[in-house]
Amino acid sequence: MAKMTPLAKGLVTLIILGGTAAAAWHLGLKEIVQGKAASPASPAATPNTPATGSTTAATPAATPASTAKPASAAPAGGALGSAGNPLKVSLVSFHGYAPALLANGKSLKTQAGSLFAQAGVNVEFVIQDDIPTLSTIFESKAAHCAWRTSDFWAQEQPNLRNAGLDGRAIMAVDNTQGADAIISRNPAITRVEDLADHSIALLQFTPSDGMTIDALENSSLTARKKSSVRYVYINAEEGTAGVRAALEAGSVDAVALWDPDLSLALKNVPGAHVVYSTRTATNLIYDVIVCDNRVLSEPANEATLQAFVSGWMSGVDAAKKTPDEAVDALVRTEEFFSLLAKDQGRPFVKSLFENLVWTGLEDNARIFGLAGGTNHYDRVYRRFDGIYRKAGALANPNSPVIAPQDSIDLRYIRNLLAKSQAAQTAAAKPEFTFTEQERQQVAKQEPAVTKPVMVSFASGSAELTKRSQKIIDEEMVPFIENNGSAYFDISGNSDSTGAREANMRISRARAQAVVDYLVSQWEFDRARFAVTGNGPDKPLCNESAPQNENLSLEDCRAINRTTRAAVLRR
């Protein structure tokens, strides 16, 4: 059986505390758990034990019968998706799934007249905040499908195959755009590079961990300085609240975490500020729904799964139009959000929606490259498979690499997209717009992170070679695509040899050549790019003391000659 990694993305890792999720306890709702506060403003769910499986999660009951009625009350059995045999989907307490709860009639079980009922499918959501492995979920038949972040799926699919099972992601349901971040209360830490010689607390093998690794690996820090960043891994049982507590106590210099603890830290910790987040790295973290291959391969289930995807997409539209109803759906169905709303207020819960995108049909088309653009899911899956293999997150490090196309089943999204010209048109448009005026404004602040790329040129030339174009394609383009909302300063740089005036001139010409290539060959908006020639003025390595970076003089000079892509945050 596959071994579960220490933690995957969830609102927090949960353990049962007297029938109430530990997440609420960690979030400062201890008094409510102990019964020292009034009842929540809206009807809270009642904890129940999951019907099947070995997991022990607080599973809220459906909305009270006085306010909602099941779509039907047929006896157990029947086709998948029928009243007697609902499609079961494992979720955690996370606001990214609010559209599905709204589509289900603000209930864990499909209610009469709900969007899922109208689509012709009965769905039962099973809240499993202890995050069992997919092999546990599928083997126990606790659910037919389950949430995963795309990066977590990249590390778990090999483990699932090792257990003799497999699955496919059938749709993306949310895209974090600000809900994951590196933050600090130290005013001297404003860029990723400032983490050198400092400590950062986080939960290992989570999307925030992957985001941090990705940011540091892409930064302009030398290998020695990257190794000086001190990772403080918080015990998984403490969850993101433990990460937040480390920042509050001042025991670390920075933390990487996600909502709601991210928003709570920024709200309550004096001086807390964002260093780098998915508001900039918009194409890095997605939540997907993964279904058991045995369910997907059965032709009789195709209509049920199509209705499920269609109903969820309708829920996205409804949640975007009526976010207050989405808040109500969370509060009514998940005890965690009932307690959070009681403690912080419903406006706080609603504010969390600003940090992610509920991904509708056009968003799915864009994420999976179905509208002719980049397949962001493919890139992210490959990237995090590499990150987690290197970090030792796989139960079997020798598990074969899985091609991204073998991790997805997009037939349901494709079917919907084929019937919607509006979604096709919307997906073909850029997600973000860029202007030179805005670029000039954002260029006044420090870059969030700067990636050096060894783009080679012939001596005295600013003409790109085939080799240098390949390097841009493989190293710079993915970095730009990850940071989907960002502007960039593309700078040419030289070492300290040669005449300064000549170095300044050629470094700018080379930066311009890189931008021209990005615009002409990759169709990036030219307004995204500032062009700078630094010459020898911004060295990454001190050529008079290269030994301080454990480098030879020539290696030190080579680093200084890099073309750099600096991320300019909106």
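**Disulfides, strands and a helix contact in a predicted model**

The link of Cys541 and Cys556 is left-handed, with -115 degrees about the S-S bond. The two sulfur atoms lie 2.0 Å apart; a disulfide is taken as a pair of cysteine sulfur atoms within 2.5 Å. Cys541 lies in the loop between strand S18 (529–535) and helix H23 (553–560), and Cys556 lies in helix H23, so the pair ties together parts that are 15 residues apart in sequence. Helices (H or I, at least four residues) and strands (E, at least two) are DSSP runs, numbered from the N terminus. Cys541 is buried at 2% relative accessibility, and Cys556 is buried at 0%. Buried means under 20% relative accessible area, exposed over 50%, and partly exposed in between (1.4 Å probe, protein chains only).

The model is predicted: local features need pLDDT of at least 70, side-chain atom pairs count only at pLDDT 80 or more, and totals for chains, interfaces and linings use all residues. Residues are numbered from 1 along each chain as its sequence is written, and side-chain values use heavy atoms, with hydrogens and water left out.

The count of disulfides comes to two. The other joins Cys145 to Cys291, with an S to S distance of 2.1 Å. This link of Cys145 and Cys291 is right-handed, with 100 degrees about the S-S bond. Cys145 in strand S7 and Cys291 in strand S14 are 146 residues apart, and the pair links distant parts of the chain. Cys145 has a relative accessible area of 0% and is buried. Cys291 is also buried, at 0%.

Strands S7 (residues 145–149) and S14 run antiparallel and are joined by five bridges. Two strands pair if DSSP finds at least two bridges between them. Arg148 stands opposite Val288 in S14. Strand S8 (residues 167–176) also runs antiparallel to S14, over seven bridges. Here Met171 faces Ile289, and Asp174 has Asp287 as its bridge partner. Thr176 stands opposite Leu356 in S15. Seven of the seven residues of S14 (residues 286–292) are buried. In S8, ten of ten are buried.

Helix H7 (residues 207–217) packs against helix H17 (residues 376–391) at about 95 degrees, with their axes 11 Å apart. Axes are lines fitted to C-alpha atoms, for helices over the stretch in contact, and angles run from 0 to 180 degrees between N-to-C directions. Contact means heavy atoms within 4.5 Å. Among the residues in contact are Met211 and Ile213 of H7 and Phe384 and Ile387 of H17.
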